[in-house]
Amino acid sequence: MHPFKDKNIFVRNAWYVGCSTEEIGSKPLERVILNEPVVFYRSEAGVAMAMYGLCPHRAYPLALQGRVVGNALRCNYHGFTFDGRTGACILIPSQPAAPSNYRQKTYKVVERGPWIWIWPGDPALADEREIPSSEMLGFGEGWTYLRPFAFTGIKARYMLLVENLMDLTHLGYLHGDMSSDFEIYVTSPLEIIETEDTFKVVRPMRQGWSETHDVMFKPENRFEGLSDFASITTYYGPGYITTTSHITHAIDSLPTVDKTVYGDVYFHHAVTPATEHSCHYFGTSSRTHRLDDRAFDEAFYPFDAAVRQQDIVAAEAIEARMIQFGEPRTELMAKADIAAARIRRRIQRAIDAETAEARVHQPVAAAF
Amino acid sequence: MHPFKDKNIFVRNAWYVGCSTEEIGSKPLERVILNEPVVFYRSEAGVAMAMYGLCPHRAYPLALQGRVVGNALRCNYHGFTFDGRTGACILIPSQPAAPSNYRQKTYKVVERGPWIWIWPGDPALADEREIPSSEMLGFGEGWTYLRPFAFTGIKARYMLLVENLMDLTHLGYLHGDMSSDFEIYVTSPLEIIETEDTFKVVRPMRQGWSETHDVMFKPENRFEGLSDFASITTYYGPGYITTTSHITHAIDSLPTVDKTVYGDVYFHHAVTPATEHSCHYFGTSSRTHRLDDRAFDEAFYPFDAAVRQQDIVAAEAIEARMIQFGEPRTELMAKADIAAARIRRRIQRAIDAETAEARVHQPVAAAF
Amino acid sequence: MHPFKDKNIFVRNAWYVGCSTEEIGSKPLERVILNEPVVFYRSEAGVAMAMYGLCPHRAYPLALQGRVVGNALRCNYHGFTFDGRTGACILIPSQPAAPSNYRQKTYKVVERGPWIWIWPGDPALADEREIPSSEMLGFGEGWTYLRPFAFTGIKARYMLLVENLMDLTHLGYLHGDMSSDFEIYVTSPLEIIETEDTFKVVRPMRQGWSETHDVMFKPENRFEGLSDFASITTYYGPGYITTTSHITHAIDSLPTVDKTVYGDVYFHHAVTPATEHSCHYFGTSSRTHRLDDRAFDEAFYPFDAAVRQQDIVAAEAIEARMIQFGEPRTELMAKADIAAARIRRRIQRAIDAETAEARVHQPVAAAF
């Protein structure tokens, strides 16, 4: 399935954002994650939990009026109750004893930054240290961020958003009406910094005081001359990408830049597959300046939302046509597609590795 | 297909409620019954009729502006007209003679109680006497009933409603917000009375004057002490089930109960398959007391409707997830599922018998 | 697929109406034509153009905010630009040179009468002279026509509208509430005039001054006695059919009829397949009398629209049931179906010829 060679397009053994921290509480939340119905909730102690979202008794969705009892979640159809850590069925109200041998599937979840992260793959492989740290992502000390976006149930395969993010030349067209400063993304050179653990696309640029500076850094901080800055796209895995606004190195040839005035801005893009044809898109932007400037937050929020919505509209338009007219058989690739092409190969390798792994673990007697 | 072993989940040779008596008149009504488009109407003499709902000429739906002419129904596309009893094409207006050899499929229908019953199976096997009598169902002399409900096109396979009805422990959870008296259903013991013709689930209970008594029997009829009563679920076939409110045997140890005061209440549940993933749900409640109490009818109607709608919401939620995530491969069964499990086996046997029958009748030359 | 014997129901090598002339301009328009997403637009010089509607780079729909540049169309995702005649990619903005070897599929289009005609088949076979002339269709000198209808995305296979038009006995039923004069269509005799190039159904009729005359020819032009007139259905191919109102030959036995008073009226029906289960339906009516009578236009427009909408409702009702209940296995044909049956065979032959052609051109190594 486009853009991958086989039907499976998911990397299961990875951390994904399942929801934002503020989305869950004592009321359970159902969300489709990599084709599974997952129910998220907080235990009575406030700890984020996730389990398979359908009751094993009558397949009723646990999120529909389900009630949190301690760590456990109670189904509202017949009251069957399941522990959020072990998955044990701890209560069937119509009979004295609960079954001792049943285990509902539970998921490892971690709360970090504004996100609840989930590991949809093999629990034995889940390593919390693989989640990018708050410091790395731009949520640490000295940063602030907008209240997060959660665009859920987007009708587009996740790779349409991932590849959108890996080629920012689209800023000059798809988002061209949002800012006159987006045009420079079309022709600026790019450099890819790739190691086994890192994948960055860096676009060095030089510009005088602009519309973007005016909005971001306040008119009274106007400088003369040119600044040197970069757009940096960082790929942390199929489920997390950050892009930046101006990461400024020098202003009017002065290499010491006051980040509390001319701050760094990161745009966060968490893309979580829902089904083969849909995904969730979480995001926020974090910054090092105007830390307590709620008026800036309020002004910037709708701009950030509008740009993301243009991407969503594009991705859904493409998906709808792929469904109707078939998957693309050929693609006219441009030089600017180099980052997207490499990420596609990276993810293909991860998919292949999981498929091979699955084959090894398959019992010999299984019929195909 | 869940919960049966093969793809076919329908029992065709059975009486089903096709519509309520008040739903049809001189304007034809189209309704999908066991995957067939059926058109119901009343002849000019007022007799309920049903035939295959598409004109054999151009497949136009006969119900769309179709006109009743005597016993017959006239298609509004080109005026082809079909007799409601024989199915004969009695008129093609654009030519002098009607074809002598065509027969539109017609169905046996019977009007009884508030229902128009239909036999979707082999007409040679249709026996009107197999429809439960009005007396048996609780529509006879000395009873009254609410104007019937017709919830049509419910997006759930019929068995989700049937199994819902066969396990009333759900009253304490799914309907728990409707009445504090529903909690006793969760833990009350049950007895199954099963013969070849009969399938009843009886739950004996004992309770003092309660919220239910207050609503049903009026506060001024309050008694002291405890009453002995039962909840009785009667399965008449895949298409008809009744449940009860309090069927009271004794009040404060007095075994003579005045039914005109402490009456019996039956809830009627007619579940008719539409497609593999949808059904119709007809119902009413009938009672032996407060016979002319229209104020009670008006007060009770929305309560009864709300409970049924909770069941519909549950069934549709389950169906939607079965479609999206696949049919359940395992089920965590409880002791309270015994009645549902036996009914499932009964219906499976009926399906198997019809399939075997169909194989026997299949001409030898037919290729599979 | 009904009503044809194989899955393919399209004749590709034929001229179809893609849109009305007024539907397109500098903003591109996306429309599905024979299962392909086609984008229509006018070049800066105003010439109608059509190309495959998805950008070959990322499958983004060219019609979404796409911009016309000279003859070319620019994709709004990353700015790739394609020439409307050759299909050449003439610009990739993020790089200096455009690829020399890519060709986007373009379509031959012709603007004639109120229509933009398109040839979805083999461009080498497209011959503009096969489009019926304006004179032939009734758009030439001495005619006027209503602003055209464009009913797009009708959820019915195109043949349901074609066969509807080939059997006008439906006027007395489906449209019976629109005019009391429609009843005569049910029983009037018909003659088919068929040559290799021509297919006409002629219904001679005789009638005194009627409701139709009153509306069409004004009450003050009332004549005494009877007129001889004909209803003529002309089939120009799977995509274009005209029907008529009264084509009057004699009035009260006088064979010289003043066409500027008792004019000819043609109803135009352009039916263009979209998918196997949907089509577009374009139309207008043209006439030889009341040429500058805009009040008549305004009065006649809603009548004409309402009749067409009844046909659309019928076709969609049939299609929906064919999808749900399966394609008809038998059809009860009437004598009045003779024209529809012959047209069905004609189109089947055209489909077969294209299929045979396609097989011949298929490379030998292709596996089936």
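Visitor: How much area do chain C and chain B bury between them, and what share of it is on carbon and sulfur atoms?

Guide: Happy to start there, with one reminder: this is a predicted model. Chain C and chain B bury about 2,200 Å² between them, with 61% of that on carbon and sulfur atoms. The contact draws on 27 residues of chain C and 30 residues of chain B.

Visitor: What does the contact between chain B and chain A look like in numbers?

Guide: There, 27 residues come from chain B and 30 residues from chain A. The area buried between chain B and chain A is about 2,200 Å², and carbon and sulfur atoms give 61% of it. Y173(B), F325(B) and L332(B) supply 36% of the area that chain B buries against chain A, more than any other three residues. The count of salt bridges between chain B and chain A is four. For an example, D337(B) and R58(A) meet through their side chains in a salt bridge, 3.1 Å from N to O.

Visitor: What rotation superposes chain B on chain A?

Guide: A rotation of 120°, with 0.1 Å of shift along its axis, places chain B on chain A with an RMSD of 0.1 Å. That is the relation of a three-fold axis. If you want a landmark in chain B, go to I323(B): its C-alpha is the nearest to the axis in that chain, 11 Å away.

Visitor: Let's move on to sheets. How do strands of a sheet pair?

Guide: They pair through backbone hydrogen bonds, and the sense can be parallel or antiparallel. For a case in this model, take the open sheet of three strands in chain C, with the order 2-3-4 and antiparallel pairing. Its edge strands are strand 2 (29-33) and strand 4 (48-52) of chain C, each pairing on one side only. From one strand to the next, the twist averages 35°.

Visitor: How many bridges join strand 2 and strand 3 of chain C?

Guide: Five bridges, in the antiparallel sense, with strand 3 spanning residues 36-42. One pair to find is I33(C) with its bridge partner E36(C) in strand 3 of chain C.

Visitor: Which helix lies across strand 2, strand 3 and strand 4 of chain C?

Guide: That is helix 5 (residues 294-325) of chain A, running at about 20° to strand 2 of chain C.

Visitor: Is strand 15 of chain C largely enclosed or largely open?

Guide: A residue is called buried when its relative accessible area is under 20%. Nine of the 12 residues of strand 15 (residues 226-237) of chain C are buried, so this strand is largely enclosed by the rest of the structure.

Visitor: Which strands pair with strand 15 of chain C?

Guide: Strand 14 (residues 199-208) of chain C pairs with strand 15 in the antiparallel sense over nine bridges, and R203(C) stands opposite S231(C). Strand 17 (residues 247-251) of chain C runs antiparallel to strand 15, joined by four bridges, with F229(C) opposite T248(C). Strand 16 (residues 240-244) of chain C pairs with strand 15 over three bridges, again antiparallel; here T234(C) faces T242(C). Strand 15 and strand 16 of chain C form a hairpin with two residues between them.

Visitor: Where is R308(B) found, and is R308(B) buried or exposed?

Guide: R308(B) is in helix 5 (residues 294-325) of chain B. Its relative accessible area is 2%, so R308(B) is buried. Leaving aside residues up to four places away in sequence, the residues R308(B) touches include F149(B), F151(B), H268(B), Y281(B) and T284(B).

Technical notes
Residues are numbered from 1 along each chain as its sequence is written. Chains are lettered from A and ligands numbered from 1 in the order in which they are written. This is a predicted model: local features need pLDDT of at least 70, side-chain atom pairs count only at pLDDT 80 or more; totals for chains, interfaces and linings use all residues. Side-chain values use heavy atoms; hydrogens and water are left out. Two strands pair if DSSP finds at least two bridges between them. Axes are lines fitted to C-alpha atoms, for helices over the stretch in contact, and angles run from 0 to 180 degrees between N-to-C directions. Contact means heavy atoms within 4.5 Å. Copies are superposed by least squares on the C-alpha atoms of residues with pLDDT of at least 70 in both. Buried area is the accessible area (1.4 Å probe) that two parts lose on being put together, summed over both. Buried means under 20% relative accessible area, exposed over 50%, partly exposed in between (1.4 Å probe, protein chains only).
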